Amino acid sequence: MAGHHEEHSSHAHGEHSHSDRFYWLVAGVLAVVTALEVGLFIVNEQHLIAKWLEVTLLLILSTIKGAAVVMFFMHLKGDAGIFKFVFLVPLAFATTLLLSFMVLFSEHVGIAG
């Protein structure tokens, strides 16, 4: 009976199954990247690096974290190519749009300013 349950469990998860240790390792990497982000923000309160470089580094670190979450915790890594396409194309479009607006309105100070 236990063998049947294990067989069903592994079949239901297909190629998405990883060991608990693997997920803890990914979570550890995500925690380290988050610590780097917080550390970068705290260190740069002294204005040691240019603001544009800080923002660029934070965007890169956030992209790494987001990609890891999507690939491993949302199991996109093992999905069919069409599902990757359906997820990644709108994400790329939204990211491009967001970055374009950030650049376009970077000098805007608002109504009160």
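Rings of Phe, Tyr and Trp count as a pair if their centres lie within 6.5 Å. The legends below apply this rule and others to a predicted model.

**Figure 1. An aromatic cluster is formed by F22, Y23, F72 and F73.** A search of the whole structure finds four aromatic pairs. In one of them, the ring centres of Y23 and F73 are 5.6 Å apart and the ring planes meet at 35°, so the pair is described as tilted. Y23 belongs to helix α2 and F73 to helix α3, and the pair therefore links distant parts of the chain, 50 residues apart.

**Figure 2. F101 and F105 form a stacked aromatic pair.** A pair of aromatic rings is described by the distance of the centres and the angle of the planes. For F101 and F105, the distance from centre to centre is 6.1 Å, and the angle between the planes is 15°. Planes under 30 degrees apart count as stacked, so this angle places the pair in that class. F101 is partly exposed, with a relative accessible area of 44%. F105 is also partly exposed, at 48% relative accessibility.

**Figure 3. A salt bridge joins the side chains of K65 and E37.** Side chains of opposite charge can pair when their charged atoms come close. The distance from N to O in the bridge between K65 and E37 is 2.9 Å. E37 is buried, with a relative accessible area of 11%. The count of salt bridges in the model comes to two, and the other pair is presented in the next view.

**Figure 4. The largest pocket has a volume of about 270 Å³.** Its lining consists of S62, T63, G66, A67, V70, M71, L76, K77, K84, L88, L91 and T95. Which helices supply at least two residues each to this lining? They are α3, which spans residues 51-73, and α4, which spans residues 81-104. The largest share of the lining, six residues, comes from α3. Sorted by class, the lining of the largest pocket contains six nonpolar, four polar and two charged residues.

**Figure 5. The second largest pocket holds about 180 Å³ of space.** The residues that line the second largest pocket are W52, V55, T56, L59, L99, M102, V103 and S106. Two or more residues of this lining come from each of α3 and α4. Of the elements, α3 gives the most, with four residues. The lining of the second largest pocket divides into six nonpolar residues, two polar residues and no charged residues.

**Figure 6. H47 and H75 have positive phi values although neither is a glycine.** The phi angle of H47 is near 60°, and that of H75 is about 60°. H47 is placed in the loop between α2, residues 20-43, and α3. H75 lies in the loop between α3 and α4. Which accessibility class applies to H47, and which to H75? H47 is exposed, with a relative accessible area of 70%, whereas H75 is partly exposed, with a relative accessible area of 28%.

**Figure 7. An unreviewed UniProt entry places the feature "transmembrane region" at residues 22-43, 55-76 and 82-105.** Two of these spans are described here from the predicted model. For residues 55-76, the end C-alpha atoms lie 27 Å apart, and the span is 86% helix and 0% strand. For residues 82-105, the end C-alpha atoms lie 35 Å apart, with 96% helix and 0% strand in the span.

Terms used: Residues numbered from 1 in each chain as written. Predicted model: local features only at pLDDT ≥ 70, side-chain atom pairs only at ≥ 80, totals over all residues. Heavy atoms only, no water. 1 Å grid on protein atoms, 1.4 Å probe; cavity = no way out; pocket = protein on both sides within 12 Å on 5 of 7 lines; lining within 4 Å. Points joined across faces, edges and corners; volume = space filled by probe spheres on them. Nonpolar A, V, L, I, M, F, W, Y, C, P; charged D, E, K, R; others polar. Buried < 20%, exposed > 50% of the residue type's maximum accessible area, 1.4 Å probe, protein only. Salt bridge = Lys/Arg side-chain N within 4 Å of Asp/Glu carboxyl O. UniProt positions renumbered as here; feature names shortened; annotations may be inferred. Phe/Tyr/Trp six-rings, centres within 6.5 Å; stacked < 30°, edge-to-face > 60°.
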